Amino acid sequence: MTALSLTQDELKTLVGHAALDYVVEGEIVGVGTGSTVNKFIEALGTIKGKIRGAVSSSVASTQRLQALGIEVFDSNAVEELAVYIDGADEIDGSGFMIKGGGAALTREKIVAAQSRSFVCIADASKRVQVLGAFPLPVEVVPMAARRIVRQFERMGGLAQVREKDGAALVTDNGQHIIDVSGLQISDPLGFETAVSQWPGVVTVGVFAHQRAHVCLLATPSGVETLR
Ligand code: 5RP
C-alpha cells in the first residue's frame with residue numbers, strides 16, 4: 001500500500017468511516033465516546049435510514065446522535081446489540097484496552113457488555129505492546145477517592161483526581177475519575193478483576209473482559225484490520 005500523508009484528524013475520519021462496514025442494517029448500534037467516535041457518528045448520519053437507532057455511552061455522544069436525527073434508545077429498552085463501536089486510549093495485540101480518557105468508561109463498559117462484538121477504532125498511535133503508558137482512568141465514588149489513590153501508590157502508581165475548571169471532574173454518573181500513571185499492566189484480565197473489587201471503584205479503565213474483537217487501526221498506509 002502507498003503511504004498517505006494524513007493528519008491525525010484525517011486518520012480518525014478514515015477509520016470512523018471504515019467502521020460503517022460493521023454496522024448491521026436494520027439494527028440498533030452501540031456507540032462509544034471520543035474524538036474518533038465523533039467521526040464515526042458523522043459517518044453514521046449518512047446511513048441513518050438503514051439503522052433503527054443507537055445505544056449511546058455518554059451524554060456527549062447522545063447529543064451528537066440526536067442532532068443528526070438518529071434515535072437513541074435507553075440501554076434497558078434493548079436486548080443484546082450486534083455491535084459496539086468505540087475508540088481506545090491504548091490497545092494491545094490481544095484487543096485489551098485502556099479506555100476512559102473522555103471519562104465515559106462506565107457507560108462504555110456497560111454498552112460493550114451488552115454487545116456481541118466490540119469494534120475498536122483507533123489511529124496507529126494507540127497500539128502498544130503493554131498497557132500502562134497512558135494514565136489509567138478509574139471512575140470512583142468520591143468518598144473513596146483518597147483511599148484508592150493510596151492503594152494505587154502502594155502498587156507503584158502515581159494517582160491523581162482528574163480536574164476540570166479547577167474542581168474535581170464529575171462524570172455523567174455523578175462520580176469522580178482518578179488517573180494513574182506509572183503502571184505496567186502485564187496481566188490485564190487479572191488486574192481488571194482485582195481492581196474492580198476495591199470498595200468505591202465504580203469502573204476501572206482496563207477493558208480486558210470486554211476486549212475488542214476487531215481493531216480497525218488507521219495508519220499512513222490505510223486502515224488495518226486486526227483480529
Ligand atoms: C472515552 C474513551 C475514548 O474512546 C478514548 O479516550 C479515545 O478517545 P479519542 O478517540 O478521542 O482518542 O474511552 O471515555
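## Strand pairing and the open sheet

Two strands are taken to pair if DSSP finds at least two bridges between them; helices (H or I, at least four residues) and strands (E, at least two) are DSSP runs, numbered from the N terminus. The model is predicted: local features need pLDDT of at least 70, side-chain atom pairs count only at pLDDT 80 or more, and totals for chains, interfaces and linings use all residues. Residues are numbered from 1 along each chain as its sequence is written.

Alanine 159 stands opposite valine 180 in β12. Strand β12 (residues 176-181) is joined to β9 by four bridges, and the two run antiparallel. They belong to an open sheet of four strands with antiparallel pairing, in the order β9-β12-β8-β13. Its edge strands, β9 (158-161) and β13 (201-204), each pair on one side only. From one strand to the next, the twist averages 25°.

## Helices across the sheet

Helix α4 lies across β8 (136-140) and β13, at about 65° to β13. Helix α6 (residues 188-196) also lies across β8 and β13, but runs at about 165° to β13. Axes are lines fitted to C-alpha atoms, for helices over the stretch in contact, and angles run from 0 to 180 degrees between N-to-C directions. Contact requires C-beta atoms, placed from the backbone, within 7 Å.

In helix α2 (residues 35-45), the buried residues are Thr36, Val37, Lys39, Phe40, Ile41 and Leu44. A residue is buried if 20 or more other C-beta atoms lie within 10 Å of its own, exposed if 12 or fewer, and partly exposed in between. The buried residues of α2 pack against α1 (8-18), β1 (28-31), α3 (59-67), β4 (81-86) and β7 (115-123).

Not counting residues up to four places away in sequence, isoleucine 121 touches Val15, Gly16, Ala19, Thr36, Phe40, Ile85, Gly87 and Leu216.

## Ligand shell

The ligand is surrounded by 17 residues, the closest being Gly34, Thr36, Gly87, Gly101 and Gly102; a residue is counted if its C-beta atom, placed from the backbone, lies within 6 Å. Helices α2 and α4 (105-113) each supply at least two residues of this shell.

## An exposed position

Alanine 67, found in helix α3, counts as exposed because it has 10 C-beta neighbours inside 10 Å.

Terms used: Two residues are in contact if their C-beta atoms, placed from the backbone, lie within 7 Å.
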